[in-house]
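Please keep the sequence and the 3D view at hand while reading.

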Amino acid sequence: MIIPRKETRILVQGITGKQGTFWTERMQEYGATVVGGVNPKKAGTEHCGVPVHASAVDAQKDTGFDATLLFIPPLGVKAAALDAIEGGAKMILCLTEHVPVHDVMYVMAAAKEAGTRVVGPNTAGGVTVGETFMGFMPAFNERIFKKGTVGVLSRSGSLGTLMCQNIVTAGYGQTAFVGIGGDPVIGTTTRDALEALDNFPGTEAVVMVGEIGGAMEEDAAEYAKTMKKPVIAFIAGGAAPPGKKMGHAGAIVMGDKGTYASKKTALEAAGVNVLSTPVHVGDALNEAFK
Amino acid sequence: MNFEEYAAKPLLAQSGIKVPQSILVYHADAAGEAAAKLGGCVVKAQVPTGKRGKAGGIKLADTPDEAKAHAEAILGMTIGIHTVEKVLIEEKSDIRREYYAAVLNDPVSKGPMVMFSTEGGMDIEEIAAETPEKLKTHAVDIRKGFSLEDANTLLSGVDLEGAEAGVADTLVKLYDAYMVNDAELLEINPLIVTGDGSVVALDCKFTLDDSAIKRQEELAKNGAPEKLTELEARGESAGIKYIELDGDVCVLANGAGLTMTTMDVVRHHGGAPANFCEIGGEAYTKARFALEMVLAKPGIKSLVVNFCGAFARCDVMMEGLLGAWEELKPDIPVFFSIAGTGDEEAIRMLKDKLNMDPLPNMSAACKAAVDAAKGGA
């Protein structure tokens, strides 16, 4: 599972913190099925109207959760994610930035063995428009998210939000938004998200928001070649100087690897419409749906 | 965080890998004295970048006088963007073969990757491009580790002329050093076999995972700090990512992706960004300081503020910005684009305080800022 549904039973690890509380309330208002939270120090209490558990393993017995959302500080992520895997999570969505990469790789190895999907870390989350959302996305803002037929995926939360706004401004709407995260090692790649959106009911086109660095967009281009639906892409960082990390740990050009040109070439060869600015997405969708 | 050779090699030694004897010096006289102790030696510039040899930063010396003369020439030399301030005086090695070995974080297998090639001495991009068939790789399950058996499997079919056992042992120790030190990359290039059959790490590149610095504080003290401008250093100490660029259109936005894109769109409209400054993540409450940062650069002509709230709330960012406005009184034209979480409140605050409206989208805001910069030139 990469895209949660309305009936997806969501656990929030770190629910009692300031951000955990604020965003859990937003998710509940939107209609997300939040079934419980985790904070070992507050086990047995209630928060945001749901029971707080000592661990995800404990929570599983009472809640039967499917997916878990991590509001956990960087050095606590490994233990929290392993707890979630042991607790039978089908999906872990990790928002945390600056998780040590060795910890991420440990979680990935355990998740792979257990068949758990990891999204992130360092993502703003995902929105299934009109159904549910997980993370800190402005799902409730109608100028940004509106039910429609475009699937959107992004490494960046802020840029993904901007792209969604441009899509709505142009008169379209989305099926789902998948934020995959800006770290160099992440659980769900551009290609994974593209495939999930391609197969998601109601999606008629996909908008992909990438960044310089790594080779995920090139890899996703291979999948795009096989798709019947139109794919539109924007790659951030064309004006970035090489050798500098542009905020995201994964967004760095080393030598001729991870460049804007390499990604644009690969995507265009796969028939993807690569935009010069995010504002052009409206024209591209008009063209795609002509 | 990158480490220079002199700081990286002891990490290999701690895991049991042989490294040549060496002495770090800051003056040519000290280089001569070090060479007198070591005998025939190599004088090596210490800068956190590759291509030192090609730049003339690595020289052989047979006598202390020669070592001193080389050190004199190398100290103060510029390699890439770095000025050489120290040199490593290292005993000369009897090189029979040069190999390549590394362990790195691999985004494709999502685990550690051990790499080995018999074509050492050149950089890995060249090895991968020119002799990919000689590059052996092994994807590791980080929970299980990398055993001697794994190393032997990796090396099977490779003729190492009798050094097989020594190289396999070194790979296991290299993996250990990679794990202990939270490496993003730990590379030995070249890994040499000497005349008497010893396996020795002649050079080492180590990059510490920046996200692991908080649990590797002692280690991080030995790293080479990134070369920052005065403004960049100020940004870093305040927890704001600020990168100084050549242009005159200032960029202030939230989130890495959005900030990069704002730069791209400024460029698209024919302008040149003056900086990358992002206040996403936890930094979104620091808009006030960020405004001060972007305005501090000399020669700027306009500013585009691009807020697109997801986690970061537009109203909180705008509050910080407007709080600084009175004090800083920007004397360049400023153009806003505002959307996302808290946008209506932020737009209202902008209207109330400055009687300004945002532009309809970021492209319009960037174009207006570029036009203003050109008009004022």
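## Local features of chains A and B

A124(A) is buried, its relative accessible area being 10%. The model is a predicted one. A124(A) sits in the loop between β7 and β8 of chain A. Leaving aside residues up to four places away in sequence, A124(A) touches L95(A), M134(A), G135(A), F136(A), M137(A) and G157(A). A124(A) is also 28 residues from T96(A) in sequence, with the two C-alpha atoms 8.9 Å apart in space.

The loop between β7 (117–119) and β8 (125–128) of chain A also contains P121(A). Which kind of peptide bond joins G120(A) and P121(A)? The bond is cis, with omega at about 10 degrees. In chain B, the peptide bond from N189(B) to P190(B) is cis as well, and its omega is near 5 degrees. P190(B) belongs to strand β11 (residues 183–194) of chain B.

C48(A) is a residue other than glycine with a positive phi, near 55 degrees. C48(A) is placed in the loop between β3 (46–47) and β4 (50–53) of chain A. N355(B), again not a glycine, has a positive phi near 50 degrees. N355(B) lies in the loop between α12 (343–354) and α13 (362–375) of chain B. Is N355(B) buried or exposed? N355(B) counts as exposed because its relative accessible area is 56%, and the cut-off is over 50%. As background, most residues other than glycine have a negative phi, and most peptide bonds are trans.

### Cysteines

How many disulfides does the structure hold over all chains? The number is zero. C94(A) is in no disulfide, and the nearest cysteine sulfur, that of C48(A), is 19 Å away. C94(A) has 4% relative accessibility and so counts as buried. C314(B) is likewise in no disulfide; for this residue the nearest cysteine sulfur belongs to C308(B), at 6.7 Å. A disulfide requires the two sulfur atoms to be within 2.5 Å. C314(B) counts as buried because its relative accessibility is 0%.

Chain B has 13 helices and 18 strands. Along the principal axes, its C-alpha atoms fill a box of roughly 80 × 50 × 35 Å. Chain B has 377 residues, of which 53% count as buried. Among contacts in chain B with a separation of 6 or more, 67% come from residues 24 or more positions apart.

| Helix pair | Angle between axes | Axis separation |
|---|---|---|
| α5(B) (148–155) and α6(B) (164–180) | about 125 degrees | 9 Å |
| α11(B) (314–328) and α12(B) | roughly 20 degrees | within 7 Å |

Helices α5(B) and α6(B) pack at an angle of about 125 degrees, which makes α5(B) oblique to α6(B). The crossing of α5(B) with α6(B) is right-handed. On the α5(B) side, the contact is made by L148(B), A151(B), N152(B), L154(B) and L155(B). The α6(B) side contributes E164(B), V167(B), A168(B), D169(B), L171(B) and V172(B). By class, the contact of α5(B) with α6(B) has eight nonpolar residues, one polar residue and two charged residues.

For the other pair, the axes cross at roughly 20 degrees; α11(B) and α12(B) are therefore roughly parallel to each other. The crossing of α11(B) with α12(B) is right-handed. From α11(B), the residues in contact are C314(B), D315(B), M318(B), E319(B), L322(B) and W325(B). C314(B), described above as buried, is thus one of the α11(B) residues in this contact. From α12(B), the contact takes in D343(B), E345(B), A346(B), M349(B), L350(B), K353(B) and L354(B). The residues of the contact of α11(B) with α12(B) divide into eight nonpolar, no polar and five charged.

Note on methods
Residues are numbered from 1 along each chain as its sequence is written. Chains are lettered from A and ligands numbered from 1 in the order in which they are written. This is a predicted model: local features need pLDDT of at least 70, side-chain atom pairs count only at pLDDT 80 or more; totals for chains, interfaces and linings use all residues. Side-chain values use heavy atoms; hydrogens and water are left out. Axes are lines fitted to C-alpha atoms, for helices over the stretch in contact, and angles run from 0 to 180 degrees between N-to-C directions. Helices (H or I, at least four residues) and strands (E, at least two) are DSSP runs, numbered from the N terminus. Angles under 35 degrees count as roughly parallel, over 145 as roughly antiparallel, 65 to 115 as roughly perpendicular and the rest as oblique. A crossing is left-handed if the near helix is turned anticlockwise from the far one by less than a right angle, and right-handed if clockwise. Contact means heavy atoms within 4.5 Å. Ala, Val, Leu, Ile, Met, Phe, Trp, Tyr, Cys and Pro count as nonpolar, Asp, Glu, Lys and Arg as charged, and the others, Gly among them, as polar. Buried means under 20% relative accessible area, exposed over 50%, partly exposed in between (1.4 Å probe, protein chains only).
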